[in-house]
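My entries follow in the order in which I checked them.

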Amino acid sequence: METIQGLKRTHKCGELRSSHIGSKVTVMGWVHVYRNLGGVIFVDLRDRSGIVQLVFNEENNKEIFDKAFTLRSEYVVAVCGDVVKRGVEATNTKNPTCEVEIIATELRILSKAETPPIYIEEDSNVREEVRLKYRYLDLRRPDMQRIMELRHRVCKLARDYYDENGFLEIETPMLTKSTPEGARDYLVPSRVHPGKFYALPQSPQLYKQLLMLSGMDRYFQIVKCFRDEDLRADRQPEFTQIDLEMSFVNIDDVIEVNEGFIKKIFKEVLNIDVPTPFKRLPYKEAMERFGSDKPDTRFGLELKNISDIVSGCGFKVFSDAVANGGSVRAINCTGGADKLSRRDLDSLVDFVKIYKAKGMAWITVTETEVKSSIAKFLTEDEMNAILERLNAKAGDIIMIVADRDAVVFDALGALRLELAKRFELVDKNTFDLLWVTEFPLLEYDEEENRYVAKHHPFTSPMDEDLEYLHTDPSKVRAKAYDIILNGTELGGGSIRIFNTELQQEMFEVLGFTKEEAWERFGFLMNAFRYGTPPHGGMAYGLDRFVMLLAGRDSIRDVIAFPKVKDASEIMTEAPGNVDEKQLEELYIKSEAHNTEQ
């Protein structure tokens, strides 16, 4: 028990029940609500466990009553008293301590508080900027404390589960070597090695592969990772992964172990039994049906390819897209004719342009006619074929985009999510889990004019596609897999390359010379020479996982002290200036620093 100024806390506020009636207790916490009813003062005292009501009666003890008269919100106090039964009329059944209250016999004010700039209440509607500036107050709110408790529970369950399944928790370094291939690194200058830099890890990828070479067999770690990239609701410059790797495994082995983990999390945290095995959807099918490699399959609005129908039509936007190697695809918004006005359709045209589509055609089906922005360009047979392909009936609206496949998928994939949101097509109480598999090993970067790794350079190609590695890299599929929950990527991984020759080939396809490959990854290539087991693994985005379990829309809500969109922390005002002497010790000259000074 905690001892403060001679008082020992005997119970937490939220622990007291009718079984404690007649007991003498000492509780400590923050003044949540203060009510002065004349000769009686009621105080709701709050700590992390919950709230209990205190009673200060002027007739019983005027000295304590007078002291209680000075209390204000967020004062920190210690109170001794007798637990008694509350009157039925005062019972708040939403509060687990509703059956009891404490008649105070001693009061000590441990710390006074100024009026807080935000209310300490459930689901506060205070602007996020203010909440983050006073995050230490925001974290006092009961809903935020429940989220932190949920996050702790997920971490504990992860440690327990992977320990039970033979994994060792092993820490890997935070100061590593920069190996630019992916997001931008955060760099740390070295004082001891002038002009040289460490990098903060984007993931422990190379180290966990080296642990497999070391014979550790199964490794996991809950680890901080860092990426210097533009932010959004579910992205932070520093984030946390549940990271793992396994030796002598194939795709099915990795998936089986991790389905067990996810099943355990849902059962223990939400008391939901998720059926296993989860669905598996090849990447190509996911893109063609849903326009996304992280599809939300809780609703329909699936994409349909109509390229064959319109390839020779009189509408050049369609025919040119097909002729140039692209496609024409459509969504049937069932029943949309009664819900979407012409202005709504125009807004959706603007919406798809966000995703680089040049526009969107539409076809409205009524009981008596078919109306369309492109009707005059299509023959009756072509129009009927489109309606049949989309299974259209009276009341439906068909929405069509034509362009390069990448643009069509992005635009229609986003459009189906927008329509689902507008028409409330998603049951938010359902959890839809699936694996997306058979990702492309490589994708072509038009800016760099070369192929880049879809995931990372250490992902193994599928054996049957190896023949295309040099002749047609776009055909090569990877032994990669992502786990998707309700249209959000929870995590992903792959089976790794484990021999020097194939790894060298991969670097060549990515445009590295042998010298560049050895300069960046020589320690790994060298390690492969001494006996490497087949291995594979994956990593979960812990922040994102907790966000979904907690029913939140932003990972900032599930991180104790998050960054905002410009990667700054409002509360501490990081990043900040440093002394000129600190820069000199690191052999750094900064024009930006001198200007700010």
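I began with Lys156, which counts as partly exposed at 43% relative accessibility. I use buried for under 20% relative accessible area, exposed for over 50% and partly exposed for what lies in between, with a 1.4 Å probe and protein chains only. The model is predicted, so local features need pLDDT of at least 70 and side-chain atom pairs count only at pLDDT 80 or more, while totals for chains, interfaces and linings use all residues. Residues are numbered from 1 along each chain as its sequence is written, and side-chain values use heavy atoms, with hydrogens and water left out.

I found the side chain of Lys156 in a salt bridge with that of Asp160, at 2.8 Å from N to O. The term salt bridge here means a side-chain nitrogen of Lys or Arg within 4 Å of a carboxyl oxygen of Asp or Glu. Both residues sit in helix 4 (residues 142–164), 4 residues apart, so about one helical turn separates them. Helices (H or I, at least four residues) and strands (E, at least two) are DSSP runs, numbered from the N terminus. Asp160 is partly exposed as well, with 29% relative accessibility.

I noted 47 salt bridges in the structure. One of them joins the side chains of Arg86 and Glu101, at 3.9 Å from N to O. Arg86 belongs to the loop between strand 6 (76–85) and strand 7 (100–111), and Glu101 to strand 7, so this pair ties together parts 15 residues apart in sequence. Arg86 is buried at 9% relative accessibility, and Glu101 is buried at 13%.

I then looked up Asp143 and Arg141, whose side chains form a salt bridge at 2.8 Å, N to O. Asp143 is buried with a relative accessible area of 4%, and Arg141 is buried with 1%. Both are members of a salt-bridge network that also links Asp123, Arg131, Arg135, Asp138, Arg552 and Asp557.

In helix 9 (residues 316–323) I listed Phe318, Ser319 and Ala321 as buried. Seen down the axis of helix 9, the buried residues fall within an arc of 160°, so they line one face; the arc is that of the directions from the helix axis to the C-beta atoms. The face turned away from that buried side carries Lys316 and Ala323, which are exposed.

How many residues of helix 15 (residues 542–549) are buried? I counted 8 of its 8 residues as buried, and the helix is mostly covered. Just after helix 15, Gly551 has a positive phi of about 70°.

I take patches as made of residues with over 30% relative accessible area and no salt bridge, with like charges joined within 9 Å and nonpolar side chains (Val, Leu, Ile, Met, Phe, Trp, Tyr) within 5 Å. Met174, Leu175 and Tyr198 make a nonpolar surface patch of about 240 Å². Leu175 lies in the loop between strand 8 (168–169) and strand 9 (187–189) and is partly exposed, at 44% relative accessible area.

A patch of negative charge gathers Asp579, Glu580, Glu584 and Glu585 on the surface. Glu580 is in helix 16 (residues 580–585), and is partly exposed with a relative accessible area of 36%.

How values were computed. Accessible areas come from the Shrake-Rupley method with a 1.4 Å probe; for residues, only the protein chains shown count as cover. Lys and Arg count as positive and Asp and Glu as negative; His and the chain ends are not counted. The place of a charge is taken as NZ of Lys, CZ of Arg, CG of Asp or CD of Glu.
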